[in-house]
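Colleague: I am new to reading protein models. Could you take me through this one, feature by feature?

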Amino acid sequence: MNPNSQPVEGAGEFNLIRRLHGLLNDYASPELCVDIGDDAAAYRTHGNRVQVVTTDALIEGYHFDLGFYTMEDIGYKAMAVNVSDIAAMNAKPRFATVALAIPGSLLIDQIECLYGGLRICADTHGIQIVGGDTTRSPVIMLSVTVIGEVEERDLVRRSGGKAGDLLCVTGTVGAAALGLHLLRRETESGPGAIKLAEEARSHVAHRHLRPEPRTDIVEDWKTRGVRPNAMIDISDGLAADVHQLCAASGCGAVVRRPALPVAEEMRIVAQALAADPLTYALGGGDDYELLFAASANTCRTLDPASYTVIGELTAERGLILLEDADGTVLPLSRAGHDHFASKD
């Protein structure tokens, strides 16, 4: 059987990207700083300025469920996931375009609510929406492109990590994926079926529906005059993104499971759902926190409340380990989201 004739299902998202990359123009423009394979592309414009460009799409029934997403939630999240990619390059988001595909039956009021969500997120991060496209579709599809800027010396790639760097995350992880699990359970069981304190429920639901891109962290680093060596945003899941950062940097890593930062509200919800919070912290996606590698000296200059050290990079390329509380060390599987992973 011709290997090119097999279904994309099961090939894996990253294998597909590599195959498609191989079909594209090999010409390397001298203005290009970052090519396919990072959180965003980057190219020089004038002087030492670099523009950073990213595009993400959200599709009804796959990325969002109208059973528990409002139209405003959809718009907000579509903008937020792109802003997060810009933050992961240590850049400032500036402009955005929006391509919207919708069923003809959708009400104008609903579309205005969706754009209201886009506008709320854009305004929060200082972004101007400057254009886009609209067309008809059987379901709602929303594709956003965000353009950011950064001085070339401040640009951070996935590939800059070094053995001995501390591996760190901003905020907490796992709540967004657990929030999705809770929202689905509530849809199936009906409101009130799962007894939870409203504060805990709201925390995990909000983390899924309205992720907060960490442009605040990037701005704080700029004022302190520091930058990490390598960085990626946590979209596919912490374990998967550790693998991606290490692959790009040519390093290995040790991740310490007890060090993973998990919010107390998440622990409460996990207990109610009989779930392991650390499993969600490692394998859940949609956190949109920043995973970064930096020297110990750099970390000492950062706000200690803004990040958690979860391990370090090692010289053993491709060897990604998970260390448990009792000192047991096992390979860290690449758990997380993959659009085209096999369902078997």
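Modeller: Start with burial. Buried means under 20% relative accessible area, exposed means over 50%, and partly exposed lies in between, using a 1.4 Å probe and protein chains only. Strands (E, at least two residues) and helices (H or I, at least four) are DSSP runs, numbered from the N terminus. Now look at strand 7, residues 166–170: 4 of its 5 residues are buried. In the whole chain of 344 residues, 47% count as buried.

Colleague: What kind of model is this, and how are residues numbered?

Modeller: This is a predicted model, with residues numbered from 1 along each chain as its sequence is written; local features need pLDDT of at least 70, and side-chain atom pairs count only at pLDDT 80 or more. Totals for chains, interfaces and linings use all residues, and side-chain values use heavy atoms, leaving out hydrogens and water.

Colleague: How many helices and strands are in the chain?

Modeller: The chain has 10 helices and 13 strands.

Colleague: How do I read a sheet?

Modeller: Strands of a sheet pair through backbone hydrogen bonds, either parallel or antiparallel. Two strands pair if DSSP finds at least two bridges between them. Here, an open sheet of 7 strands runs in the order 8-10-7-11-9-12-13, with mixed pairing. Its edge strands are strand 8 (230–233) and strand 13 (329–331), and each pairs on one side only. Neighbouring strands are turned by 25° against each other on average, direction ignored. Such angles run from 0 to 180 degrees between N-to-C directions, with axes as lines fitted to C-alpha atoms, for helices over the stretch in contact.

Colleague: Which strands does strand 7 join?

Modeller: Strand 7 is joined to strand 10 (residues 290–294) by 4 bridges, antiparallel. There, L166 has A294 as its bridge partner. Strand 7 also runs antiparallel to strand 11 (residues 307–314), with 5 bridges. L167 is bridged to G311 in strand 11. M231 stands opposite F292 in strand 10.

Colleague: Which strands does helix 6 lie across?

Modeller: Read this through contact, meaning heavy atoms within 4.5 Å. Helix 6 (residues 215–224) lies across strand 7, strand 8 and strand 10, at about 25° to strand 10. Helix 7 (residues 238–249) lies across several strands, including strand 7 and strand 8, and runs at about 145° to strand 8.

Colleague: How is a pair of packed helices described?

Modeller: Two packed helices are described by the angle between their axes and the distance between the axes. Take helix 4 (residues 175–189) and helix 8 (residues 264–272): the angle is about 35°, and the axes are 10 Å apart. A175, L178 and L182 in helix 4 meet M266, V269 and A270 in helix 8. The residues of this contact divide into 6 nonpolar, no polar and no charged. Nonpolar here covers Ala, Val, Leu, Ile, Met, Phe, Trp, Tyr, Cys and Pro; Asp, Glu, Lys and Arg are charged; the others, Gly among them, are polar.

Colleague: And what is a nonpolar core?

Modeller: A nonpolar core is a set of buried Ala, Val, Leu, Ile, Met, Phe, Trp, Tyr and Cys residues joined through side-chain atoms within 4.5 Å. The largest one has 41 residues, and V52, M79, L114, L142 and V144 have the most contacts inside it. Helix 2 gives the largest share, 9 residues.

Colleague: Which residues does M79 contact?

Modeller: Leaving aside neighbours within four places in sequence, M79 contacts A96, L118, C121, A122, I127, I129, V144 and V146. Apart from this core lies another, of 38 residues, among them I194, A263, L273 and L332.
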